[in-house]
Amino acid sequence: MTDSTSADGGSRRQPQPETATPASAIGLIFLSGIVLSCLDASGKYLVTSGLAAPFVAWVRFAVHVVLVLILLQAWRNPRMFHVKSLPWQIIRGCFLFGSTVLNFLALKTLQLAETVSIFFFAPMVITALAGPLLGEWAGWRRWMAIVVGFIGVLVITRPGLGVFGLGHLYAIGAMSCYSLYVILTRRMSATESAESLIFYSALTPVVLMFPAVPLYGVVPPEPLQWVLLLALGVFGATGHWLIIKAYRQATTYALAPYPYLQMVWMIAFGYFLFGQLPDLWTLGGAAIIVASGLYIVHREHRLRLAGRSVPNAETEPLAKKL
């Protein structure tokens, strides 16, 4: 920020012009899309090969917990264990686990491109819920973008035309759980440390679902299933870590278009691994959702500049992406 002198002789702060988005930040988002696509593709393979979705999700978070303990050096970082509100941490973790389980259930019958297209509607749901839950009310322009985005969801699912099925319902449920998870992250990031938000979101499902593991868990008969099960946690932890690193180098607005590149990888994995290609309805609906999401990000950026507010560098990445 630079200072200029006002008419009364006082100092008035002027916003600094935005600089180009660092190539390293774009690269990190690019890599995160590949890694998270590997997560969904692996999950789809496991659930379609006969493993129960709750068990697959539980293993994913169990490995995630181990990695977080190591990467954050828990023995030197007591902040990750300190919480202001344990009940809200647990509720937030349940929403994240619900999103993961429902997403894996959706992948049993839907293509990778279909599930990620519906998931792209999450920013619009978050914008809508931020009003009643956080007091961050959207204006009519953003509400119009939300309505247009919902039309995109209807184009993909096409209810009443014999296309809408249980998989679409699971995908919408996964997207809704994730939206509530992000809303809680925004609300809690002012009082909870970033380390605790990362740790407890993974620990909660591991602890709460442990008694049910004997009901759903089976010994994978194939070595590849073992490898992919263990890789799920690596993909999840690595993908979110890359995102956090990217958003520490650039703003949400600057990086807004790049997460949508994940659609390319989901289509590629769907074709090469499962022999599936999305139809024109799915691609058209995805385009509508992406355009609406980008407009909402653009509008929020304009309002932020008008109010000369500065996003929190530590909590914004978590609120937007974890």
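Trainee: Before we start, how are residues numbered, and which pLDDT do local features need?
Mentor: Residues are numbered from 1 along each chain as its sequence is written, and side-chain values use heavy atoms, with hydrogens and water left out. In this predicted model, totals for chains, interfaces and linings use all residues, side-chain atom pairs count only at pLDDT 80 or more, and local features need pLDDT of at least 70.

Trainee: Thanks! How many helices and strands are there in the protein chain?
Mentor: Helices (H or I, at least four residues) and strands (E, at least two) are DSSP runs, numbered from the N terminus. On that basis, the protein chain has two strands and 14 helices.

Trainee: What percentage of the 322 residues count as buried?
Mentor: Buried means under 20% relative accessible area, exposed over 50%, and partly exposed in between (1.4 Å probe, protein chains only). Among the 322 residues of the protein chain, the buried share is 49%.

Trainee: What is the angle between helix 3 and helix 4?
Mentor: Axes are lines fitted to C-alpha atoms, for helices over the stretch in contact, and angles run from 0 to 180 degrees between N-to-C directions. Helix 3 covers residues 86-107 and helix 4 covers residues 112-119. Their axes are 9 Å apart, and the angle is about 145°.

Trainee: Which residues of helix 4 make the contact with helix 3?
Mentor: Contact means heavy atoms within 4.5 Å. Helix 3 brings Ser-99, Asn-103, Ala-106 and Leu-107. From helix 4 come Leu-112, Thr-115 and Phe-119.

Trainee: On to charges: how many salt bridges does the count come to?
Mentor: The rule asks for a side-chain nitrogen of Lys or Arg within 4 Å of a carboxyl oxygen of Asp or Glu. By this rule, the count is four.

Trainee: Which residue forms a salt bridge with Arg-186?
Mentor: Arg-186 is in helix 7 (residues 166-188), and its partner sits 50 residues apart from it, in the loop between helix 5 (122-134) and helix 6 (140-157). The closest N and O atoms of the pair are 3.4 Å apart.

Trainee: How many residues apart in sequence are Arg-142 and Glu-300?
Mentor: In this salt bridge the closest N and O atoms are 3.9 Å apart. Arg-142 is buried at 11% relative accessibility, and Glu-300 is buried at 18%. Arg-142 lies in helix 6 and Glu-300 in helix 13 (residues 280-306), so the pair ties together parts whose separation in sequence is 158 residues.

Trainee: Which residues does Ser-292 touch, not counting residues up to four places away in sequence?
Mentor: Ser-292 is placed in helix 13. Ser-292 counts as buried because its relative accessibility is 4%. The residues touched are Met-124, Ala-145, Val-148 and Gly-149.

Trainee: Last one: how far apart in space are Leu-46 and Trp-226, C-alpha to C-alpha?
Mentor: Leu-46 belongs to helix 1 (residues 23-48) and counts as buried at 0% relative accessibility. In sequence, Leu-46 and Trp-226 are 180 residues apart. In space, C-alpha to C-alpha, the distance is 9.6 Å.
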